[in-house]
Amino acid sequence: MSLPLSHDRIQSVLDQAVAQARAHHAGTLASYIPELARVDPELTSVAITLVDGTCLTAGEAASHRFTLQSVAKLILLLGMVEEFGENQVFSWIGVEPSGSAFASVAQLDFHGPVPPNPLVNAGAIALCSHLPGTNMAERFPWVEKWAERLLGARPSLNARVFESERRTGDRNRALAYLMKSNGVISGDVEDVLDTYFAMCSLETSAAPASHLAMILANGGLTAAGLRLLSRRTVSSIVAIMATCGLYDESGSHLVRTGLPAKSGVSGVIVAVATGCGGIAVASPRINSKGGSVRGHVMLEFLARQLGWHFALPR
């Protein structure tokens, strides 16, 4: 059994992780959402929130704000499983890795009609159609409520990103209309998509994002011991993160880090070190799978240096 890590040790490793990441310049901005192509590609931040509530940061964590993008799918999924139960939620979507890109129309068409899991775009869009309410004005406050609860801070809606997503979201429209044609979703497709786009456009920073991951690392409890999520919900969703959270690079990521994680194309990745803490890394250049290039560098370094790869003794 290894000795507990001191805060000074963790801070030193965070600083080293950022320094290593800054040497990497591969990847591109997510220009298919035009507003995401306007960000500074050099922004690099990381935060760890330990299960005792201590939050340590490095890089531009104090000033670097980003939209959650697909990390928001975790908030949607966690809230829905808590309120509706696993049996109901997983009757609407599957829980299997897709082995395909996050917005694959072919995968849904050939292997559907039900989306393979809740962390691909089709799965999250389908879940948005089942949110309480009949329109975005009624549905979106539900998402905001759960986001504030899990992030530990109220996120803001980035209106420019939201409008950018609406203008350019034709692939997501294809997914939604395909699902409607197969009876997977009902109601006004554009309204469901507006809820989905707004959810992805929630803006925060590394520290709150790491708080979300800490809640999962702590079995659904806040650092003060308040239960936000049931242990059953946490165990199920962390398992889905491990198998599906990084789409068709989930396996290689888990081999390198041992940390169940969820990525977003703004360059954020949140990761769970069970029993230890939550991690959020962010840098906007992404690879072809939608994962932050520098974020991957930082997570692998942190997992090894802190002994948080699940295969390593703690």
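This is a predicted model: local features need pLDDT of at least 70, side-chain atom pairs count only at pLDDT 80 or more; totals for chains, interfaces and linings use all residues.
Setting aside neighbours within four places in sequence, A153 touches A147, E148 and P208. A207 is 54 residues away from A153 in sequence, yet the two C-alpha atoms are 9.5 Å apart in space.

Helix 6 also holds M136. Here the relative accessibility is 18%, and buried means under 20%, so M136 counts as buried. Beyond four places in sequence, the contacts of M136 are P141, F162, D191, D194, T195 and A198. From M136 to P260 there are 124 residues along the chain, and their C-alpha atoms are separated by 31 Å.

Next, helix packing. Two packed helices are described by the angle between their axes and the distance between the axes. Take helix 5, residues 121-128, and helix 8, residues 170-181: their axes come within 10 Å and cross at roughly 60°. That angle makes helix 5 oblique to helix 8. The crossing of these two helices is right-handed. Which residues of helix 5 and helix 8 meet? On the helix 5 side they are N121, A122, I125 and A126, and on the helix 8 side N172, L175, A176 and M179. Sorted by class, this contact has 6 nonpolar and 2 polar residues, with no charged ones.

Of its 8 residues, 8 are buried, so helix 5 is largely enclosed by the rest of the structure. That list includes G123, L127 and C128.

The second pair is helix 12, residues 250-257, and helix 13, residues 293-305. They pack at an angle of about 35°, with axes 8 Å apart. H253, V255, R256 and T257 in helix 12 meet H296, L299, E300, A303 and R304 in helix 13. By class, that contact has 3 nonpolar, 3 polar and 3 charged residues.

Now the interior. In soluble globular proteins, nonpolar side chains tend to be buried together. In this model, the largest nonpolar core has 67 residues, and L76, L150 and L229 touch the most other members. If we leave out neighbours within four places in sequence, L150 is in contact with I75, L78, H211, L212, I215, L228 and L229. Another core lies apart from the largest one; it has 28 residues, among them A17, V46, L302 and W308.

Last, two backbone angles. Which residues other than glycine have a positive phi? Q69 is one of them, with phi near 50°. Q69 is placed in the loop between strand 3, residues 65-67, and helix 2, residues 72-84. Its relative accessible area is 4%, so Q69 is buried. Y247 is another, with a positive phi of about 55°. Y247 lies in the loop between helix 11, residues 231-244, and helix 12. Y247 is buried as well, because its relative accessible area is 7%.

That is the end of my part.

Conventions:
Residues are numbered from 1 along each chain as its sequence is written. Side-chain values use heavy atoms; hydrogens and water are left out. Axes are lines fitted to C-alpha atoms, for helices over the stretch in contact, and angles run from 0 to 180 degrees between N-to-C directions. Helices (H or I, at least four residues) and strands (E, at least two) are DSSP runs, numbered from the N terminus. Angles under 35 degrees count as roughly parallel, over 145 as roughly antiparallel, 65 to 115 as roughly perpendicular and the rest as oblique. A crossing is left-handed if the near helix is turned anticlockwise from the far one by less than a right angle, and right-handed if clockwise. Contact means heavy atoms within 4.5 Å. Ala, Val, Leu, Ile, Met, Phe, Trp, Tyr, Cys and Pro count as nonpolar, Asp, Glu, Lys and Arg as charged, and the others, Gly among them, as polar. Buried means under 20% relative accessible area, exposed over 50%, partly exposed in between (1.4 Å probe, protein chains only). A nonpolar core is a set of buried Ala, Val, Leu, Ile, Met, Phe, Trp, Tyr and Cys residues joined through side-chain atoms within 4.5 Å.
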